[in-house]
Amino acid sequence: MASIFAAREVSYSQNLATTLADRPAADASDDETYEITDRTVDDNTTRLKEKPELLHHLQNDSSILTLAVGDKLLYAGTQDGEIVVWSLASFELVQRIQAHTRAVLSLFLSADGKLLFSSAGDAIVNTWCPTTLKRLYHVYSTYDVGDVFSVAYSAQFETVYLGAQNTSIQWCSLKDQTARRTPNPENHPDRRNHRFFDSLDRGGSSTPRPQTTRTGNHEGEILEIDKAHMMHYAHFGYVYCMLMVHGVTRLVDSDEEFLISGGGDGTIKIWKLFHDQSQGIKEVACLGEDDAESVLSLAIDGSFLYSSKLEGVIELWDLDTKQKLRVIKAHKGDVTTLQMGWGFLWSAGSTGFARKYSTVQYGKYQDTTSFSQKYQCVNRWRAHEGRILASAVTTYNDQQLYITGANDNSVSIWNITGCNSGTYDRPQMSDSQLIKSLYEFVSFKTISSRPDHAEDCRRGATFLRTLFKKHGAQTEMLNTDNHHNPVVYAKFKGNSTTSGKRKKILFYGHYDVVPADNKQNKWIVEPFEMKGVNGYLYGRGVTDNKGPIMAALYGVVDLVHEKELESDITFLIEGEEESGSRGFKDAVRRHKDLIGDIDYIILANSYWLDDDVPCLTYGLRGVLHATVKVDSNHPDVHSGVDGSFMMDEPLSDLTSVLAKLKGLHNRIQIPGFYDNILPLTPVEEARYDDIVETLIRRSPENGPPERLKASLMARWREPNLTIHRYKVSGPDGSLVSAHASASISLRLVPNQEVDDVIKQLTSFLKDAFAQLDTHNHLTITIDNQADAWLGDPDNEIFQTLEKAIMDVWGPIGETRRSSVPGPKQQVKKPATPTMSPSLKPTPATTTTLTNGSDHTSLAATPLEMLSDSPENSSPVDGTNGARRGRKPLYIREGGSIPSIRFLEKEFDAPAAHLPCGQASDSAHLDNERLRLSNLYKSREIFRRVFRELPRK
């Protein structure tokens, strides 16, 4: 169905699509006054204002002028002449092609989904393979038809029909190759003289033409429409919209397809089609009057035809009797697009509002009690900030979707599941229920570091426990000392016939999050209201750690429903991880009998090394946080009145002491600090070489290899010391503060014992302070600590995870990119650095490894990677015919998780770490996010691991 980009005829030459696409939404303040007055149900007023769930929001560089939707993909035609394709499964960008040199005005997907047609302001109709976006046919007219506003295709007649600005309808057969005329390149619109732009005055010269930039210029067959294959003056106005239908009117044989067109003259015409191309089409009926009130869009429901017009009017026609049955004043502005779906009429227009109308039903929904058998507006909402120019409806994965596109450069996908029952409740479905649960989970402000959010933390824990219990787990709240947040315990019991023989798994996670202040409006969403944008889910905690918890939970739920849960799966989800896991150890020790025996430990609380290659984490650094304080015997004093060389200043003493902690090249100066670091083994070095080779092959700018390797080793297997912040007493001003303190941390590596380092640090600081010969006093406080962790990548748990990752993620091509720059964003070029006196290499960071991916980027996946099932997305490995991907990268992390080493010791069980998110997820930062694909695939990985690992 074509969208409409201009309504009234204009007397001046200009691109009509540009005119409307660039206009803002009409003032929508009065849109709410246009209501149908025959509502009879009391709750309709409430429902009228209810906004359907915005399932996802997609952004683009330019206006969305037309939409088409297939079984798996969503297609959009844009003001810039592009066709943009997204996956319905993950809402990732699949393809973007320069389909035309001017605005794409219409898209038409054949009923069998095998052909995609596009028409545009460049007077061209292209035919594409919907799955590969390869051009199959390139169709043009020898006439100056102007903009091609609409296109339709008849599979029965194997003919494409186009409605044009010059008021004609033309047609071109795709089957009769022998009868086709040989195209004359001079007749092509790109080569013909333009009557305006190429006209010459005496002594003048024409402007050189720019090189055309269409995708597939040399692909497909070029078809030149025969001059006789045209219906001149099909309408006395532009042919804005067309429908291809069959079997809905007695005017045409029920087994024949026929064409319906709407024009700028205000009429609707019905055309009989013929196999004889010389005859082509024949008008059999004309509905309406030539009143110049343009027909902008059409929708069919049995023999009822709906047409939208200017000034908010929708007309209802009976195709059998050719009578106008009803006129509905639907919107304040022009109604630019209509859809019929699930017994309701969906309209949208220039005000940015969308509306849902009940309709008189005589077919599938006739006996549905929710239909009032009257035409009434049952819902109205602002769908876009701009003019809505296109819409589509589809059912995907048991979800009913209404899709809108507008000149605010965006597409919105609305979940209207259950609309035929009068509600918007979701059914209990797999992925949709996961998203719903995560949305609710994120909404709890479970900030453990702030006492004023203690109740939010409790409510979040209660929600999580209730969710576990709802899905069949045995649950408890494990209280902690000193009123810290409780630990949520849940156990899913395996099948009684097998659970006694199988090994048991513990999944560890945390429901608390770090603060998300949005005072500077840096977030693109409200932090605690999760929203899907461009293939990602945004919200605080969505990747750290609420999303992975939901993926693990629903992985178990899948096994329960499939009756394949053979072993007990235990969840321990704490609420203090972001605050040093306060009370967690004691709570676990007190309830060890309840928790029971554990054979394997899995957590998912870290991220990939870049945005493209799945990883497994087998090592974490430990951490020691401390506060170093220096206090004076004097109160705060004025530096001018009382300051002198005889006064020992706490801040100066503190600075002197801390400066001695690190030397040249940031080497820590504590004696014996590096003595116990484990040597680099050949096996470990081979893992670093694999990482470096993979990253540089994909992104050569990350090189040279030696520098990248050294940078990763420094982050993962070398300790470090950081001074985070200083604090002084007294107000701002020229003071000598009586108190100065600094927060420091030391990142430790395996075989560095935390207690030993505490002694070394304390001794070093006291000795350095004593050398100052100061009257001040030094205090060292250990705030929290965590042991380093090093797993065994060769054990059963890692090998099981590896196989699941390979099966689920499939192949990872060398050119695959999981994110691309977003609208109006260019790849950021690093600024030319000023000359540094240091010869040290610049370290690799998350920003460099992800090519600067951030909240402006779009999740993307190439067409060849699309697949409904993971098994179908990987190349054959040559051994057993199974389709597999490459191995994940085995990485270590520079960060720390306090509980992992404790759990290993407490249960005498090995642990493994499955990173679910990408490196650019911005955990702890503004615009935290998680890619939908990562969430879904993590769920499948957990399902496989929870099934296979207990059998080891």
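Is Ser 118 buried or exposed? At 0% relative accessibility, Ser 118 counts as buried. That residue is a handy starting point for a tour of this predicted model. The chain has 952 residues, of which 58% count as buried, and it holds 15 helices and 49 strands.

**The chain as a whole**

- Taking the contacts between residues at least 6 apart in sequence, 69% join residues at least 24 apart.

- You can find Ser 118 in strand 7, which covers residues 116-120.
- Its relative accessibility is 0%, so Ser 118 counts as buried, the cut-off being under 20%.
- The side chain of Ser 118 has a polar contact of 2.8 Å with the side chain of His 100.
- A polar contact of 2.9 Å links the side chains of Ser 118 and Trp 128.
- His 100 and Trp 128 are also among the residues that Ser 118 touches once residues up to four places away in sequence are set aside.
- The rest of that list is made up of Ile 83, Val 104, Ser 106, Leu 107, Ile 124, Val 125 and Asn 126.

- Lys 356 sits in strand 25, residues 353-358.
- With a relative accessibility of 1%, Lys 356 falls under the 20% cut-off and therefore counts as buried.
- Between the C-alpha atoms of Lys 356 and Gly 341 there are 10.0 Å, and the two residues are 15 apart along the chain.
- Ile 328 belongs to strand 22, residues 323-329.
- A relative accessible area of 4% is under 20%, so Ile 328 is buried too.

**Nonpolar cores**

- In soluble globular proteins, nonpolar side chains tend to be buried together.
- Here the largest nonpolar core has 119 residues, and the members touching the most others are Phe 468, Met 550, Phe 571 and Phe 942.
- Helix 5, residues 542-562, gives the most to this core, with 10 residues.
- A second, separate core has 32 residues, including Val 145, Ile 169, Leu 259 and Ile 281.
- Which residues does Phe 571 contact, leaving aside its neighbours within four places in sequence? Among them are Phe 468, Val 488, Tyr 489, Ala 490 and Phe 492.
- Phe 571 is also in contact with Leu 506, Phe 507, Ala 552, Leu 553 and Val 556.

**Cavities**

- Rolling a probe the size of a water molecule over the atoms shows where empty space is left.
- In this model there are 2 cavities of 30 Å³ or more, and the largest cavity holds about 50 Å³ of space.
- Residues lining the largest cavity include Trp 608, Pro 614, Cys 615, Leu 914, Pro 915 and Cys 916.
- Ile 805, Trp 809, Asn 934, Ser 938 and Ile 941 line the largest cavity as well.
- Helix 12 (796-809) and helix 15 (932-948) each supply at least two residues of this lining, and helix 15 has the largest share, with 3 residues.
- By class, the lining has 9 nonpolar and 2 polar residues, and no charged ones.

**Backbone details**

- Most residues other than glycine have a negative phi, and most peptide bonds are trans.
- The peptide bond joining Asp 544 and Asn 545 is cis, with omega about 10 degrees, and Asn 545 lies in helix 5.
- Another cis peptide bond runs from Gly 703 to Pro 704, with omega near 0 degrees.
- Pro 704 is placed in the loop between helix 9 (682-698) and helix 10 (705-716).
- Lys 322 is a residue other than glycine with a positive phi, near 60 degrees.
- The loop between strand 21 (313-318) and strand 22 holds Lys 322, which counts as partly exposed at 40% relative accessibility.
- Asn 666, also not a glycine, has a positive phi of about 60 degrees.
- Asn 666 is in the loop between helix 8 (650-659) and helix 9, and at 42% relative accessibility Asn 666 counts as partly exposed.

Technical notes
Residues numbered from 1 in each chain as written. Predicted model: local features only at pLDDT ≥ 70, side-chain atom pairs only at ≥ 80, totals over all residues. Heavy atoms only, no water. 1 Å grid on protein atoms, 1.4 Å probe; cavity = no way out; pocket = protein on both sides within 12 Å on 5 of 7 lines; lining within 4 Å. Points joined across faces, edges and corners; volume = space filled by probe spheres on them. Helix = DSSP H or I, 4+ residues; strand = E, 2+ residues; numbered from the N terminus. Nonpolar A, V, L, I, M, F, W, Y, C, P; charged D, E, K, R; others polar. Buried < 20%, exposed > 50% of the residue type's maximum accessible area, 1.4 Å probe, protein only. Core = buried A, V, L, I, M, F, W, Y, C linked by side-chain atoms within 4.5 Å. Contact = heavy atoms within 4.5 Å. Polar contact = N/O pair within 3.5 Å; in protein donor to acceptor, adjacent residues only side chain to side chain.
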